[in-house]
2 protein chains.
Amino acid sequence: MYVPEGFLFSAISCGIRKRDRLDLGLIYCKTKGIASGVFTKNTVKAAPVIIGKKHIKNLISRAILVNSGIANACTGEEGLSRAEKLIEECAKLLNIQPEELLPASTGVIGEQLPLERILPKLPELVKGLSETKYDLFAQAIMTTDTFPKIVSKKTEEGITLLGIAKGAGMIAPHMATMLAFVLTDATIKKEDLKSLLDKAVEKSFNCITIDGDTSTNDTLYAMASGIKNIERWEEFVQAFMKITKELAYLIVKDGEGASKVIRIIVKGAKTKEEAKRFAKAVAESPLVKTAIYGADPNWGRIFATLGKTEIAFDPSEIELYLNGLPWIKNLEPQNEEKTIKEQLTKREIELVIKLKSGKQSFEMWTCDLTEEYIKINASYRS
Amino acid sequence: MYVPEGFLFSAISCGIRKRDRLDLGLIYCKTKGIASGVFTKNTVKAAPVIIGKKHIKNLISRAILVNSGIANACTGEEGLSRAEKLIEECAKLLNIQPEELLPASTGVIGEQLPLERILPKLPELVKGLSETKYDLFAQAIMTTDTFPKIVSKKTEEGITLLGIAKGAGMIAPHMATMLAFVLTDATIKKEDLKSLLDKAVEKSFNCITIDGDTSTNDTLYAMASGIKNIERWEEFVQAFMKITKELAYLIVKDGEGASKVIRIIVKGAKTKEEAKRFAKAVAESPLVKTAIYGADPNWGRIFATLGKTEIAFDPSEIELYLNGLPWIKNLEPQNEEKTIKEQLTKREIELVIKLKSGKQSFEMWTCDLTEEYIKINASYRS
């Protein structure tokens, strides 16, 4: 892993919801860092989202504080004041301003943060800061995740980027129960980081969906320590885009109970908007997702789902390709069912849906729907 | 069961998809009946839907012919011509005009009707017509249904109504994989039947959702034999509405793998449209449906799902009631978790979501989401 210069990490266990698991993580920037953020569009916003949206406007950002276990959402005034207290105490120990600290939470909605268990542990958290604990930080932000999500890149001119994320269920376009952090040692203006981040989100996190549900807590922060000058802007942009794409991919791969990653690529739609509606309908159809889970070449369900959008098209003009193999053309299978079934048993599925309505395309990633998803979500709290 | 005068029923086994199960059903009206229909809004329409939409315009309707096993959807010109051939042969045997026969199909998409197995059996089907075989007809139209769906009513003045339906998965507003037939011996004008049917659908089938998916084949026919005059119109309307509501309820109850029926009632929304969007979001949320399956009083998921609509509201103003018990008010539980959990274990759940934004309400029915749903749909075709 490449770790951008200027950042330290720490993680501890406070017993926020469960004992003996890391549940509080801290990222500290030794320099006067700058940051940008993207937040959930859900009307119900968690306390850390409300505060984060304010703090991100500050010109300098120095730290990111994240807890798992409790989302601090639907907690009213009390939730807000507890989040503020936590930030204040942590900022004091770091010797920074409260508004230089960016908060995030993930976990169960409707419960208050147990400050009595968290606050006494803050000195330990701050004392533990080190360059190498990014993996412990990644563990501390996990909920139903089955593995920590960390990616990194170094550009040819030596600029380093590190991405850390959590997210497994409740992932839909517009940043559902997902936390992600992208760190770099580049020098970049706040407004440039903002537009780069928005562009990257559009091509990564906004193209993934797991169950169509979205959350109260989704947050993505990008932070730059400003230690290295960018000479080759395009190279940096590419690395940044790759980091967010790879994080999004890892989130889908870890979709709750998922056994397969599915890339749905709609081509030849009349408008971008229609391409997206087709892709989203297929990506969120429980019938398509269960058929793929069962490796059942039930292409009729894909057609029915496309039709569900009520966008006009001629079914006989649609072509399907599975992992590069022609599947359906003129409403006729182009390969033996056995061959298609075999492709459907793979862990990575690419489904291309080709229309003849225009030239617009859209790609969306999702996962299959399994009994395990039900098990996880029928008993998440207990 | 009350059976309206003038109707005969029959059902046989043709081995359309599986052997030794009833898969072809016929309803015959001895008089010059009149009919009305409502069809799927899915862009991909099955051959029987395309033909049904034409035939329903005919002033007289005499019969309804339904097969299960194969949907005859995504079958192109060949599918249309097979459906026409089947209708023609059946009409000939019944001594009626082809356009007096209303077709419907349900089953797997993308396969052709095996006319070679169906046509030779038509004489047996017609010969078997009798007043008592409505239950066999109800069985013949089943696919993943676990029980036949039949309801009937007799108004005080003696008018009889009989409703028969199929549908288990793929049920969403706008008539998803659902077939339903309402028969009556009343005398009613075609245009009156049409407006009554539209009104009834709005309050019944368009208020249910199982997995948010919709189908290529959804069809609802209402047919009147015109034997009895209606003196008390309102009484008849009430009975008609009840028949459709009860059929819709049975479909939700038989939702694929469902263990619980959930009635979601949104009150106090600013507009009808917003009330409906809230109700639909909750009814289709996999996270809410799995929590209810697991009897987990995870009210945060309900709030997050309401917020997902991106309709503005103040979370602290929302009140939740479960089976009549106050659940959440001012973001605080109003009853012990144990009490709420106990209610969630019941087979019938009523969830009232009360906003303070206005006076509009909307009711929607759905079912929980279980491992069984996945099992059924991962292997439906095999």
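The crossing of α9(A) and α10(A) is left-handed. In this predicted model, helix α9 (residues 286-293) of chain A packs against helix α10 (residues 299-308) of chain A with the axes 9 Å apart and an angle of about 160 degrees between them. Angles over 145 degrees count as roughly antiparallel, and α9(A) and α10(A) are therefore roughly antiparallel to each other. On the side of α9(A), the contact is made by Leu287(A), Val288(A) and Ala291(A), and on the side of α10(A) by Arg301(A), Ile302(A) and Thr305(A). By class, this contact has four nonpolar, one polar and one charged residues.

The axes of helix α6 (residues 190-202) and helix α7 (residues 233-253) of chain B come within 9 Å and cross at roughly 45 degrees. α6(B) and α7(B) are therefore oblique to each other, and their crossing is right-handed. Leu196(B), Ala200(B) and Val201(B) of α6(B) meet Val237(B), Phe240(B), Met241(B) and Thr244(B) of α7(B). The contact of α6(B) with α7(B) has six nonpolar residues, one polar residue and no charged residues.

| Helix pair | Axes | Angle |
|---|---|---|
| α9(A) and α10(A) | 9 Å apart | about 160 degrees |
| α6(B) and α7(B) | within 9 Å | roughly 45 degrees |

The sheets are described next. In chain A, an open sheet of six strands has the order β12-β11-β10-β13-β9-β14, with mixed pairing. β12 (332-333) and β14 (360-367) of chain A stand at the edges with a single partner strand each, so one side of each has no neighbour in the sheet. Strand β9 (residues 261-269) of chain A pairs with β14(A) in the antiparallel sense over seven bridges, and Ala269(A) stands opposite Gln360(A) in β14(A). Helix α11 (residues 337-344) of chain A lies across β10 (319-322), β11 (325-329), β12 and β13 (348-354) of chain A, and runs at about 120 degrees to β11(A).

In chain B, the order β12-β11-β10-β13-β9-β14 describes an open sheet of six strands with mixed pairing. Its edges are β12 (332-333) and β14 (360-367) of chain B; each has a single partner strand, so one side of each is left without a neighbour in the sheet. Strand β11 (residues 325-329) of chain B and β12(B) form an antiparallel pair over two bridges, in which Lys329(B) stands opposite Glu332(B) in β12(B). Helix α8 (residues 272-283) of chain B packs on this sheet and touches β9 (261-269), β13 (348-354) and β14 of chain B, with its direction at about 20 degrees to that of β14(B).

The remaining topic is the relation between the chains. The contact takes 53 residues from chain B and 53 residues from chain A. On the side of chain B that touches chain A, two or more residues each come from α9 (286-293), α10 (299-308) and α12 (371-378) of chain B. The largest share of that side, nine residues, comes from α10(B). The residues on the side of chain B that touches chain A divide into 22 nonpolar, 21 polar and 10 charged.

Chain B is superposed on chain A by a rotation of 180 degrees with 0.0 Å of shift along its axis (RMSD 0.0 Å). This is the relation of a two-fold axis. The same surface serves both copies, as 100% of the contact residues of chain B recur in chain A. Of the residues of chain B, Glu371(B) comes closest to the rotation axis, at 2.3 Å (C-alpha).

Methods:
Residues numbered from 1 in each chain as written. Chains lettered and ligands numbered in written order. Predicted model: local features only at pLDDT ≥ 70, side-chain atom pairs only at ≥ 80, totals over all residues. Contact = placed C-beta atoms within 7 Å. Helix = DSSP H or I, 4+ residues; strand = E, 2+ residues; numbered from the N terminus. Nonpolar A, V, L, I, M, F, W, Y, C, P; charged D, E, K, R; others polar. Least-squares fit on C-alpha atoms with pLDDT ≥ 70 in both. Axes fitted to C-alpha atoms, helices over the stretch in contact; angles between N-to-C directions. Parallel < 35°, antiparallel > 145°, perpendicular 65-115°, else oblique. Left-handed = near helix turned anticlockwise from the far one by under 90°. Pairing = 2+ DSSP bridges.
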